[in-house]
Amino acid sequence: MIQEGEIFRRPVKDMKPYSPPIEGRSAPNFLRLDFNERTRPPHHIVQEAVRDYAARGEFQIYPEYGDLNEVIANFAGVTSEEVIPAVGGDQAIDIITRLLVKDGDGVIIPAPTFAMLEESSHVQGANIIAPRYSGPNLKFPFDEVMEAIKPGVKLVVVCNPNNPTGTPVPKEQVEAIIEKAAKVSAGVLVDEAYNDFAPELTVVGDIGKYSNLFIVRSLSKNMGISALRAGYVISRAENIAELRKIRGPYDLPTVTALAIKTLRNPEVVADIDAYVSEVMTDSKPMLEDFYRRNNIKFFPSSAGFHLLEEPPGFIDFLRARNILVRRRPDPLGTVRVSIGTKEDTQAYIKVVEEFLRARDK
Ligand SMILES: Cc1ncc(COP(=O)(O)O)c(C=O)c1O
């Protein structure tokens, strides 16, 4: 082999791939509380749209999108020029980052947070500034973020509510960040993947006011189509026009577009609302009460999951009983547990009770 110079860009060469524990978890007998997926399949109208498409078998045709943007815009309460569909929230994050960030630019990403937010900036060769969520409630580091917004910073990321901490960022703080970022010509990416679980936090009403605001949404958690990879960006029309230059014209598969378009059916939207409401108004209080009564420390969460301090042996005990939860390395010794339906929650509590009895014996 002829040895030549390095062909890889340094920032990529220096990275490790993000490798979540995605394998071996799809067996039907698992209760999957590890990836913040919806624990139930999507509404049958969504399933039928996918089945009809598969039955036609016409996979030789490139995707055609029709009124996809209108359907998403209607669902999100904006205009069709203010949205761009993407291959999951992941691609939404990536195209915003590629639009705004190049080698050596400053990007502020409070930590810990969703890995792909950091990943996209690393690929661009950004200099990442990472103020920490801290204190007993893992509070958002507002003062540190404001302090860090200086010339040279091109992007500020606010994940609201944050994954994995569940921390909400008050709207006034997000707006103060957007205003300060605008003064140094930086964009702000507000990741609202969990928006349906905390709709009061959204800054969607601000896109007309701020030209540097980009909102990321996902249809994985609420609609239950993680497997189809569906997300979108909301921003003002001029920004969306720029993002269209970056995302490929047929990136979104036909099957994904057809599934998203079922949002035109009120039943599909009602099904999302019903799922989210069951998680937030039935399961979540039941769980928090259970955790308090049993001295299991959880951090206050505005989303459809909790971050807990892991009682030793907790994750393995649950895994042995077909319940999957997710170890988080940061903060050390924590575990993230998605919240499912009432039935899921009862099943989970039963196994945790068993764990506590075995531990305290
Ligand atoms: C905060 C956050 N943003 C974005 C995503 C990406 O979602 P998806 O690519 O499944 O739409 C996730 C998924 O876990 C997330 O937690």
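1. Strand β6 (residues 187-191) runs parallel to β7, and the two are joined over four bridges, with valine 188 standing opposite leucine 213 of β7. Strands here are DSSP runs of E with at least two residues, helices are runs of H or I with at least four residues, and both are numbered from the N terminus; two strands count as paired if DSSP finds at least two bridges between them. The model is a predicted one, in which local features need pLDDT of at least 70 and side-chain atom pairs count only at pLDDT 80 or more, while totals for chains, interfaces and linings use all residues. Residues are numbered from 1 along each chain as its sequence is written.

2. Strand β7 also pairs with strand β8 (residues 230-234), here in the antiparallel sense and again over four bridges, and the bridge partner of arginine 217 in β8 is tyrosine 232.

3. Because six of the six residues of β7 (residues 213-218) are buried, this strand is largely enclosed by the rest of the structure. Leu213, Ile215 and Arg217 are buried on one side, and Phe214, Val216 and Ser218 are buried on the other, so that both faces are covered. A residue is called buried if 20 or more other C-beta atoms, placed from the backbone, lie within 10 Å of its own, exposed if 12 or fewer do, and partly exposed in between.

4. Around the ligand there are 13 residues, of which Gly88, Gly89, Ala193, Ser218 and Ser220 come nearest, a residue being near if its C-beta atom, placed from the backbone, lies within 6 Å. Helix α4 (residues 88-100) supplies the largest share of this shell, three residues. By class the shell has three nonpolar, eight polar and two charged residues, where Ala, Val, Leu, Ile, Met, Phe, Trp, Tyr, Cys and Pro count as nonpolar, Asp, Glu, Lys and Arg as charged, and the others, Gly among them, as polar.

5. Helix α4 packs against helix α5 (residues 115-123) at an angle of about 35°, with the axes 9 Å apart; axes are lines fitted to C-alpha atoms, for helices over the stretch in contact, and angles run from 0 to 180 degrees between N-to-C directions. In this contact, Asp90, Ile93, Asp94 and Thr97 of α4 meet Met116, Leu117, Ser120 and Ser121 of α5, contact requiring C-beta atoms, placed from the backbone, within 7 Å.

6. Elsewhere, three strands form an open antiparallel sheet in the order β9-β12-β11, and its edge strands, each pairing on one side only, are β9 (305-309) and β11 (326-328).

Methods. Contact = placed C-beta atoms within 7 Å.
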